[in-house]
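Visitor: I am new to this structure and would be grateful for a close look at a single part of it. Please begin with that part and then place it in its wider setting.

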Amino acid sequence: MRVIVAEDSALLRQGLARLLDDFGIEVVAELPDAERLLELVVAQRPDAVLLDIRMPPTHTDEGLRAARAVRARCPGTGVLLLSQYVETGDPVRALARDPRGFGYLLKDRVADADELLDALRRVATGGSAVDPRIVERLMNRARPGDTLDALTPREREVLGLMAEGRSNEAIARRLRVSGKTLETHVRSVFGKLCLEPTPDDHRRVLAVLAWLRV
Amino acid sequence: MAAAGAVSAGAVGSWAYLRAGAGPADVARDLAVGWSFAGAGSVAWWLRPANPTGRLMLAEGVTWFVGNLQGTGVPIVFALGAWGEALNLAVLAHLLLVYPEGRADDRSERWVIRTGYALVAVGGLVRTLAYDPAVEGADASYLACGRCGPNALLLVHDHRFFAVADLAYRWAGVVLTVAVLVSLVRRWRTSGLARRRILLPAWVAVALAVAFVGWEVLHVLTPDTLAGADTYLTVPSDLSQVAVPVTFLIGLLRMRLRRASVGGLVIAAGDDPTPRRLQEELRRALGDPTLRLALCSGSTGRHGAVFTDPGGAPVRIASGAVGPSTADDGRDATADSGSRDAESMEVAPYRAGPRGQAVTVVRDGRGAPEALLVHDSALHSDPHLMRAVSAALRLCLRDSRLRRESDALASRAREAQRRLLRAADDERRRLERDLHDGAQARLVFALMGLARLRARLADGDAALRSDVAETERTLREALEELRDLAHGIHPAVLARAGLGPAVTALAERCPVPVVVAAGPERYPELVESTAYFVVCEAVGNAMRHARPRAVGVTVRPVGGRLVVEVSDDGRGGADPAGGGLRGLADRVAAIGGTLEVSSAPGDGTRIRAELPCG
């Protein structure tokens, strides 16, 4: 797998490059900002881009805009956004519009190599990845007359993991349940939330995020 | 003593008048006019000692009887009586020309007054030198005294010389009378309303008296044309003459009555009046609609302090006129010590304007000129009034100065408090950034290193792998704690994304539904952190004490101010004076905002903060 890293902190950039290298992922370019990102993506055609949302010069939404440009120009390239803190606004909205090959992690998460590599792999192959803390925040949002209350704790867990963009197998593995048991949970969640059950991971994330009113 | 002089002058004059052959009615009329002038003058002198008008009226009352001395039969007294027969007319002209201030307006008026006295002194003397009562008979004097005299000053025994001197004297008197009338017309035209209000009744009374005298003269000359009219006109005629001094006196005293309205000035001071309002109150108090108030602008020009009127136009007066106070106590600026005639001052806007303006300087407690009143000079005839007005104005000015000073002091204190808050705020922001860019980044880096190490040890020593995993866990906990610490110091989302996202993030972490209405607008840093603090405290209080089912937070700009509202449907009954809310109110007040708390028991709590964004 080939990736481009765009991160303004030299320390993190270096750490990421080493980590990815160690795990057999080729870092084709390391950038301190998003300026030349699109150009490099077009030239290098990496499998995924790992980029910080806030980068020089204004530290507002450079990463987000670059991500949009990359996805518009090279839809096959996965994009994994990194954020310093939980932001449930623009990045999540962008994700909810089209979660294919799109992910959003908190920066602290990169210290968890497994999570990072998993997310990177998912977006590189057209899947999606949402940081658990972001999903938790979304699910905790105020909504009067909440139907989430109708879910059992286990079903809430399943809903959260689906929102993170995980596949049935991954969820079953994590919850240490069988595939059939999980499918029962999934059907139950979809029924209670009045959602159309769908086997397609991407459409499922879309439906769940839409339901979370991102 | 002056009154005693007037009484004795009247007594002597009347005795002489009787002796010259006048009837009791004539003597009574004569006494009434003379004594009423003297009496009114004495009252005016007593009540208005600074105004020469009273003394002039008294002088008129005394000189009124001088002509009567011709009836005494003592040669030298006769001579003096004949010489000063017209002296009271000169005094009357003087009185008319200086009423009511007691001072002439300009040089031409002073010339007329001096000429009047000079004419009596010289013309009267020349005429007296040739006046032989025995020769001239009854027509030469109003006393009709053929038996008067002899004249001690009779030096020129020439009837023709006397006739010429007498005629010249009378014509000079007529010319001078015309000059007086012209001066009076000019005086009227250049007078402000305040002075006209005083002049009019006095002049009407004089005109009436003159008209009645003219009527009587006509009656004497041609009795047939006015047959019978004399009988019933005598009483009004007498009354009109007595009325003249009384009217003069009333005019003088009316200015005194105006002091009662000075109170309006002091009342106005309570409302922190604008200079324009103050000027209006002064105009009302003094009855002078042309009055201008000029306040010391604080700057110093080429000619000393610069004064500006409420419209902002500079008012300049000659240097020296408003120099340091010369009053003995050095504090009390009065009309006497602080004013000059308009003539002696350069009052720029009035140079081409009406005469009769005078300037009163109002000084502050240290004797420095603080304000100028450019007003009708008639007002100077009442120094008490001007002193009262000056004092009231000084009070107003001192009040508004103190108000300004305390406002400035309060705003300096607020500014200092705000600077401190801002410094603390900046410091927290910097600390959070340092933690994030430094320690947090290093911890993440270290964790990534450990992850690599763990990968390499996949097939290695189990004990080593477990040590690495433990270290990783410990570091992760440290990172967690550090993140919470940094968030507590200053939430990164507030600094980087603004109030709306920060409040949304806060709401999303709450165990109770918090509905947020907040836009993406950014505000000044201190306003954002104060607003965030308000929301944190209010939501935190609600969670701790109110047990609400839901909390609503709105953050919106309302015309230059940021309005933050936090309401819940909890128990209510929060104490606005309690520690938490008290601190919140202090924090909000420090940046010039306001905090309202309404928390009726059982009716939820609503906290509303308004923060200025300027």
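This is a predicted model: local features need pLDDT of at least 70, side-chain atom pairs count only at pLDDT 80 or more; totals for chains, interfaces and linings use all residues.

**A helix pair in chain A and its setting**

Guide: In chain A, helix 8 (residues 168-175) packs against helix 9 (residues 179-192) at an angle of about 105°, and the two axes lie 9 Å apart. Helix 8 of chain A is therefore roughly perpendicular to helix 9 of chain A, since angles of 65 to 115 degrees count as such. On the side of helix 8 of chain A, the contact is made by Asn168(A), Ile171(A), Ala172(A) and Leu175(A). Helix 9 of chain A contributes Gly179(A), Leu182(A) and Glu183(A). Sorted by class, the residues of this contact are four nonpolar, two polar and one charged.

Of its 214 residues, 46% count as buried. When contacts in chain A between residues at least 6 apart in sequence are considered, 64% of them join residues at least 24 apart.

Leu138(A) belongs to helix 6 (residues 132-139) of chain A. Leu138(A) is buried because 22 other C-beta atoms lie within 10 Å, and 20 or more are needed for that label. Leu138(A) and Leu212(A) are 74 residues apart along the chain, yet their C-alpha atoms are separated by 6.5 Å.

Chain A also touches chain B. The contact takes 28 residues from chain A and 27 residues from chain B. On the side of chain A, helix 1 (residues 10-22) gives the most, with seven residues. By class, the residues on that side of chain A are twelve nonpolar, seven polar and nine charged.

Attention may now pass to the partner. Chain B has 19 helices and eleven strands. It consists of 614 residues, 40% of which count as buried. Among its contacts between residues at least 6 apart in sequence, 66% join residues at least 24 apart.

Within chain B there is an open sheet of five strands, in the order 7-8-9-11-10 and with mixed pairing. Its edge strands are strand 7 and strand 10 (594-598) of chain B, each of which pairs on one side only. Direction ignored, neighbouring strands of this sheet are turned by 10° against each other on average.

The sheet can be followed from strand 7 of chain B. Strand 7 (residues 514-518) and strand 8 (residues 551-558) of chain B pair in the parallel sense over five bridges. The chain passes from strand 7 of chain B to strand 8 of chain B by way of helix 18 (residues 525-546) of chain B, a β-α-β crossover that is left-handed. Within this pairing, Val553(B) in strand 8 of chain B is the residue opposite Val516(B). Helix 17 (residues 499-508) of chain B lies across strand 7 and strand 8 of chain B and runs at about 175° to strand 7 of chain B.

Strand 8 of chain B is also joined to strand 9 (residues 561-568) of chain B, by eight bridges in the antiparallel sense. Gly552(B) has Ser567(B) in strand 9 of chain B as its bridge partner. These two strands of chain B form a hairpin with two residues between them, and Gly559(B) in the turn has a positive phi of about 45°.

Helix 19 (residues 579-590) of chain B lies across strand 10 and strand 11 of chain B, running at about 155° to strand 10 of chain B.

Asp425(B) is placed in helix 14 (residues 383-456) of chain B. Asp425(B) is partly exposed because 19 other C-beta atoms lie within 10 Å, whereas a buried residue has 20 or more. Neighbours within four places in sequence aside, Asp425(B) is in contact with Glu525(B), Leu526(B) and Ser529(B). The C-alpha atoms of Asp425(B) and His490(B) are separated by 8.4 Å, although the two residues are 65 residues apart along the chain.

Conventions:
Residues are numbered from 1 along each chain as its sequence is written. Chains are lettered from A and ligands numbered from 1 in the order in which they are written. A residue is buried if 20 or more other C-beta atoms lie within 10 Å of its own, exposed if 12 or fewer, and partly exposed in between; C-beta atoms are placed from the backbone. Two residues are in contact if their C-beta atoms, placed from the backbone, lie within 7 Å. Two strands pair if DSSP finds at least two bridges between them. Helices (H or I, at least four residues) and strands (E, at least two) are DSSP runs, numbered from the N terminus. A crossover is right-handed if, with the strands pointing away from the viewer, the path from the first strand over the helix to the second runs clockwise. Ala, Val, Leu, Ile, Met, Phe, Trp, Tyr, Cys and Pro count as nonpolar, Asp, Glu, Lys and Arg as charged, and the others, Gly among them, as polar. Axes are lines fitted to C-alpha atoms, for helices over the stretch in contact, and angles run from 0 to 180 degrees between N-to-C directions. Angles under 35 degrees count as roughly parallel, over 145 as roughly antiparallel, 65 to 115 as roughly perpendicular and the rest as oblique.
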